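User: I am new to this structure. Please walk me through how to read it, one feature at a time.

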Amino acid sequence: MPVPARLFILLLALLTACRPAPQAQAGPTATLTVEAARVVAVPPGVEETSVFGTLRNPGGRPLRLTGVESPAADHAMLMVTRTDAQGRTGMQMTDALTVPAGGELVLSDTGDHIMLMGLRAPLREGEPVALTLTDDAGGTHTLQAPVVKP
């Protein structure tokens, strides 16, 4: 689903000055580690935000993430940001994001990331937001990402 250009520009502007946040923690069953996970604080009335950070897979096989949920939002989506042959950049939902074996996947405002849509309440700076990532083997990976101002 394409995201309107105005929303993309707004999110990009909000995230340009994003600072690192405390490290998020992966759940006890995770084979995935998470660094600098953060949820971008948004002004009151904005019901969407992004989640960034670095996902590391110490395992010997790629980890294909196929879903994400958060109690803070009506729904969450795995997203990619790409530039087409005509030089147009846009975001779109994807069915999966892959963390390579022994590698990492950086979630950022200019690349792959997570969107939280339909925030259920305003997010306060510093508040931890729970996220659960699901992989294609049925595993779940939980993390807490603090809300940070861009």
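Analyst: Start with confidence. The protein averages a pLDDT of 85, and 80% of the residues score at least 70. pLDDT is the predictor's confidence in each residue, from 0 to 100. This is a predicted model, so local features need pLDDT of at least 70, side-chain atom pairs count only at pLDDT 80 or more, and totals for chains, interfaces and linings use all residues. Residues are numbered from 1 along each chain as its sequence is written, and side-chain values use heavy atoms, with hydrogens and water left out.

User: Which elements have the lowest and the highest mean pLDDT?

Analyst: Helix 1 (residues 5-15) has the lowest, at 48. Strand 8 (residues 113-119) has the highest, at 98. Over residues 9-30, pLDDT stays under 50. The model has 47 contacts beyond four places in sequence for that stretch. A contact means heavy atoms within 4.5 Å. Where pLDDT is low, the predicted coordinates should not be read in detail.

User: How many helices and strands are there in the protein?

Analyst: Helices (H or I, at least four residues) and strands (E, at least two) are DSSP runs, numbered from the N terminus. The protein has one helix and 10 strands. Along the sequence the pattern reads α-β-β-β-β-β-β-β-β-β-β.

User: How do I read the pairing of strand 1?

Analyst: Two strands pair if DSSP finds at least two bridges between them. Strand 1 (residues 33-40) runs antiparallel to strand 2 (residues 48-56), and five bridges join them. Thr33 stands opposite Arg56 in strand 2. Strand 1 is also joined by two bridges to strand 10 (residues 140-148), and these two run parallel. There, Val40 has Val148 as its bridge partner.

User: What does contact say about the whole chain?

Analyst: Take the contacts between residues at least 6 apart in sequence. Of these, 64% join residues at least 24 apart.

User: And burial? What share of the residues is buried?

Analyst: Buried means under 20% relative accessible area, exposed over 50%, and partly exposed in between (1.4 Å probe, protein chains only). Buried residues make up 45% of the 150 residues. The accessible surface comes to about 7,800 Å², and 55% of that belongs to carbon and sulfur atoms. Accessible areas come from the Shrake-Rupley method with a 1.4 Å probe; for residues, only the protein chains shown count as cover.

User: Take Val42. Is Val42 buried or exposed?

Analyst: Val42 counts as buried because its relative accessibility is 15%. Its place is in the loop between strand 1 and strand 2. Val42 touches Glu48, Thr49 and Leu119, not counting residues up to four places away in sequence. Val42 and Val148 are 106 residues apart along the chain, yet their C-alpha atoms are separated by 9.0 Å.

User: Now Asn57. Where is Asn57 found?

Analyst: Asn57 is in the loop between strand 2 and strand 3 (63-69). At 4% relative accessibility, Asn57 is buried. Beyond four places in sequence, its contacts include Thr31, Leu32, Pro62 and Val99. Its side chain also reaches the backbone nitrogen of Gly59 at 2.9 Å.

User: How many salt bridges does the structure hold?

Analyst: Side chains of opposite charge can pair when their charged atoms come close. A salt bridge is a side-chain nitrogen of Lys or Arg within 4 Å of a carboxyl oxygen of Asp or Glu. The structure holds six.

User: What does Glu35 form a salt bridge with?

Analyst: Its partner is Arg56, with the closest N and O atoms 2.5 Å apart. Glu35 lies in strand 1 and Arg56 in strand 2, so the pair ties together parts that are 21 residues apart in sequence. Glu35 is partly exposed at 34% relative accessible area. Arg56 is partly exposed too, at 28%.

Note on methods. A polar contact is a pair of N or O atoms within 3.5 Å; within protein, one must be able to donate a hydrogen and the other to accept it, and residues adjacent in sequence count only if both atoms are side-chain atoms.
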